[in-house]
Amino acid sequence: MTPVTTPSTPPHQQAERGMGADAAEGPPSGAEQALQAAFDAAVAADERIEPRDWMPEAYRASLVRQIAQHAHSEIIGMQPEANWITRAPSLRRKAILMAKVQDEAGHGLYLYGAAETLGAGRDELLDKLHTGRQKYSSIFNYPTLTWADVGAIGWLVDGAAITNQVPLCRCSYGPYARAMVRICKEESFHQRQGYELLLALSRGTEAQRAMAQDAVNRWWWPSLMMFGPPDDESPHSARSMAWKIKRHSNDELRQRFVDICVPQAEALGLTLPDPDLRWNEERGHWDFGAIDWQEFRDVLKGNGPCNEQRLSQRRRAHENGAWVREAAAAHAAKQAARRAAAQPPGQPSGQAARPTETARS
Amino acid sequence: MSADWPLWEVFVRSRRGLSHTHAGSLHAPDAQMALRNARDLFTRRSEGVSLWVVPAAEITASSPDEKDPFFAPAADKPYRHPTFYEVPEGVRNL
Amino acid sequence: MSTHPAGHPVGALATLPLGDDALVLSHRLGEWAGHAPVLEEEVALANIALDLLGQARALYAGLADVLGSEDEIAYLREEREFRNCQLVEQPNGDFAHTIVRQLFFSAYQLPLYDRLSPSLPLAAKAVRETAYHRDHAEQWTLRLGDGTEESHTRTQRAADALWRFTGELFQPVEGLDVPWQELEAEWTADVRDVFDRAGLTVPETPRHGAWSAGAGRQGLHTEPFGRMLAEMQHLHRSHPGATW
């Protein structure tokens with residue numbers, strides 16, 4: 001039997017807000033230096049930082065930025081695939097695709113929940129997304145032009161995402177790491193379904209095969225860009241790695257992804273659109289051609305094929321939903337008032353205090 | 001806006017015989033909807049047989065600043081743990 | 001492929017309307033993906049859509065000997081061969097419209113499947129799913145009916161618009177041994193109860209369109225359905241014989 005386990009305390013989000021901010025005021029005091037030392041020691045010892053622990057303000061800000069961008073990517077990422085739900089060519093594929101797009105909404109929710117433990121509310125983050133002050137992964141600014149794009153997204157885009165995300169399951173921030181464990185577990189079906197979809201096309205008719213090759217041609221390079229700029233141009237990387245928010249560099253992960261994909265493409269019977277792709281015996285890795293970083297920066301700046309479309313659909317869904325969210329909140333307030341009015345004065349409000357049926361089961 | 005939808009903490013009992021474990025959080029306008037949203041979000045792959053939802057604002061948590069006074073005293077009482085005691089070789093079922 | 005192969009007992013096709021109902025409503029709900037009013041509802045609507053799609057596939061599987069594979073049934077029939085009720089093919093409209101459509105349909109499907117469960121293997125599982133769909137629709141109807149003036153107006157408008165598609169639900173389906181009048185009474189009481197609690201008015205307008213040609217169960221549909229099928233079937237039909 002293991003003698004002592006620390007009980008995991010449920011985060012009390014409201015109380016978390018601003019703890020780091022207070023500490024960041026003024027010159028570092030002796031107490032703060034001690035806190036910083038304790039934080040550094042915890043990170044160095046591979047312990048998890050939990051919501052109510054003291055943390056440097058820059059660590060908090062960096063996490064909020066990364067988790068928010070990740071959450072935004074999940075929900076914007078629903079769009080290119082949802083584009084094919086109504087046209088999926090078999091009922092089996094339709095069910096798979098609906099379940100996958102649903103998972104992405106779920107992953108967005110897990111991640112917004114993780115950001116919330118840092119005091120960043122979902123409304124605030126959505127507002128930043130809608131007004132362009134926070135980004136989402138640029139890959140979703142590319143269009144899904146054929147059914148094969150659904151497969152290419154699963155295989156390449158989700159594959160790149162998984163390569164990025166598996167190390168995040170060991171991220172130093174507890175709630176983010178836990179969300180990632182859940183996400184990675186669910187994500188594994190996403191990549192497989194994409195690969196299987198492409199395999200069916202590749203083994204199908206001439207037209208289906210061409211569709212699959214065309215999709216891989218269009219998605220390969222943007223997928224490599226998903227790992228971010230090269231290490232020597234990545235502004236946040238070094239610090240994130242020191243904090244163990246990030247565990248591997250962009251280039252390291254990109255190389256890992258290429259090495260994984262080459263044999264998979266071969267098994268698919270499809271070609272990766274890179275004439276410079278060749279095995280380097282010395283390095284023990286696949287060499288690959290130069291990435292068009294100008295395209296990456298252009299898409300990032302908003303000039304991708306779908307930037308405007310994706311953001312405006314997101315804004316529209318949010319705006320069109322406002323009356324629904326208001327109605328539910330209004331009903332809850334009315335119900336609370338009705339309960340209070342029905343309650344004899346001086347009595348505690350019974351509803352909350354009484355365990356619900358579910359709580360007793 | 002969902003700003004008016006409070007945050008709920010969700011606890012899932014993954015199967016009978018186990019206790020409810022914190023799974024994450026979500027927004028909902030009221031407890032009934034929180035339960036339903038939790039069912040949809042946290043048990044889509046049959047991860048649970050029972051759910052609790054608790055308004056996040058209702059949770060009182062120990063402060064990390066109090067970590068030492070709260071939890072340190074427990075650390076010096078090894079006699080609370082069975083491994084503290086020596087058992088002669090060959091004695092079973094103890 | 002024909003829906004009425006000579007010499008086959010009609011009863012064998014009795015579950016086709018149920019399968020079509022489930023497929024068509026699932027498709028409509030799938031159109032919400034990426035457009036829902038709040039993220040939690042993305043997950044909820046997709047759950048319902050997936051349950052319904054599962055029901056459709058199970059029902060189609062039971063018709064394989066007569067009509068062919070599930071994909072032949074879904075993708076290669078013409079509009080007039082579909083036997084779904086017109087209610088489920090109605091476009092999503094706003095969220096209130098989708099919720100009221102769901103309430104009307106689930107309040108019908110639940111007692112129907114309940115009665116069919118001794119004879120239809122799928123029904124027992126479907127009853128559990130449908131009970132959840134009905135509950136989801138009820139919860140939202142209560143909130144929208146009571147919430148704000150705008151939500152109330154939108155929900156009442158949806159109820160008024162969809163009411164004329166509800167009579168068809170209780171037209172006997174050939175081969176299904178169901179006490180239709182009893183079902184209708186139960187449905188009406190259920191919907192009335194939810195509406196009363198939501199502060200909504202049960203419409204008093206006719207529950208049938210004034211057209212003697214029939215309705216969905218006879219293969220006669222509304223205009224939006226043709227466009228829905230065109231979108232749904234296009235890719236599959238563009239590659240005859242392909243596997244996906």
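Biologist: How many aromatic pairs are there over all chains?

Modeller: First, this is a predicted model: local features need pLDDT of at least 70 and side-chain atom pairs pLDDT 80 or more, while totals for chains, interfaces and linings use all residues, and side-chain values use heavy atoms, without hydrogens and water. Residues count from 1 along each chain as its sequence is written, with chains lettered from A and ligands numbered from 1 in the order written. Now the rings. Phe, Tyr and Trp (its six-membered ring) pair if their centres lie within 6.5 Å; planes under 30 degrees apart are stacked, over 60 edge-to-face, the rest tilted. That rule gives 25 aromatic pairs over all chains. Take Trp279(A) and Trp286(A): the ring centres are 5.7 Å apart and the planes stand at 70°, so this pair is edge-to-face.

Biologist: Is Trp279(A) buried, partly exposed or exposed?

Modeller: Trp279(A) has 41%, so it is partly exposed. Trp286(A) is partly exposed too, at 22%. Now look at Trp293(A) and Phe296(A). Their ring centres are 5.1 Å apart and their planes at 85°, so this pair is edge-to-face. Both Trp293(A) and Phe296(A) are buried.

Biologist: How many residues apart are Trp293(A) and Phe296(A) in helix H13?

Modeller: Helices (H or I, at least four residues) and strands (E, at least two) are DSSP runs, numbered from the N terminus. Trp293(A) and Phe296(A) are 3 residues apart in helix H13 (residues 293-303) of chain A, so about one helical turn separates them.

Biologist: Which rings do ring pairs link into a cluster?

Modeller: Go to chain C. Ring pairs join Phe104(C), Phe105(C), Tyr108(C), Trp163(C), Phe170(C), Trp187(C) and Phe195(C) into one cluster.

Biologist: Where does Arg87(A) lie?

Modeller: A charge sits over a ring if NZ of Lys or CZ of Arg is within 6 Å of the ring centre and within 35 degrees of the ring normal. Arg87(A) lies over the face of Trp84(A), 3.6 Å from the ring centre. Chain C has a case as well. There the charged end of Arg77(C) sits over the ring of Phe82(C), at 4.0 Å from its centre.

Biologist: Where do Glu57(A) and Arg60(A) lie?

Modeller: Both are in helix H4 of chain A, 3 residues apart, about one turn of the helix. Glu57(A) is partly exposed at 30%, whereas Arg60(A) is buried at 5%.

Biologist: What do the side chains of Glu70(C) and Arg57(C) form where they meet?

Modeller: They form a salt bridge, 3.0 Å from N to O. Glu70(C) is in helix H4 of chain C and Arg57(C) in helix H2 (residues 39-61), so the pair ties together parts 13 residues apart in sequence. Salt bridges can also share partners: this joins Arg134(C), Glu138(C), Asp190(C), Asp193(C) and Arg197(C) into one network.

Biologist: Which pattern does chain B follow along the sequence?

Modeller: Chain B reads β-β-α-β-α. It has 2 helices and 3 strands. Of its 94 residues, 41% count as buried. Two strands pair if DSSP finds at least two bridges between them. Strand E1 (residues 7-13) of chain B is joined to E2(B) by 6 bridges, and the two run antiparallel. Val12(B) stands opposite Thr21(B) in E2(B). In strand E2 (residues 21-27) of chain B, 5 of the 7 residues are buried, so the strand is largely enclosed by the rest of the structure.

Biologist: Is Cys85(C) buried or exposed?

Modeller: Cys85(C) is buried, with a relative accessible area of 0%. It lies in the loop between helix H4 (70-75) and helix H5 (86-89) of chain C. The C-alpha atoms of Cys85(C) and Gln218(C) are 8.9 Å apart, although 133 residues separate the two along the chain.

Key:
Buried means under 20% relative accessible area, exposed over 50%, partly exposed in between (1.4 Å probe, protein chains only). A salt bridge is a side-chain nitrogen of Lys or Arg within 4 Å of a carboxyl oxygen of Asp or Glu.
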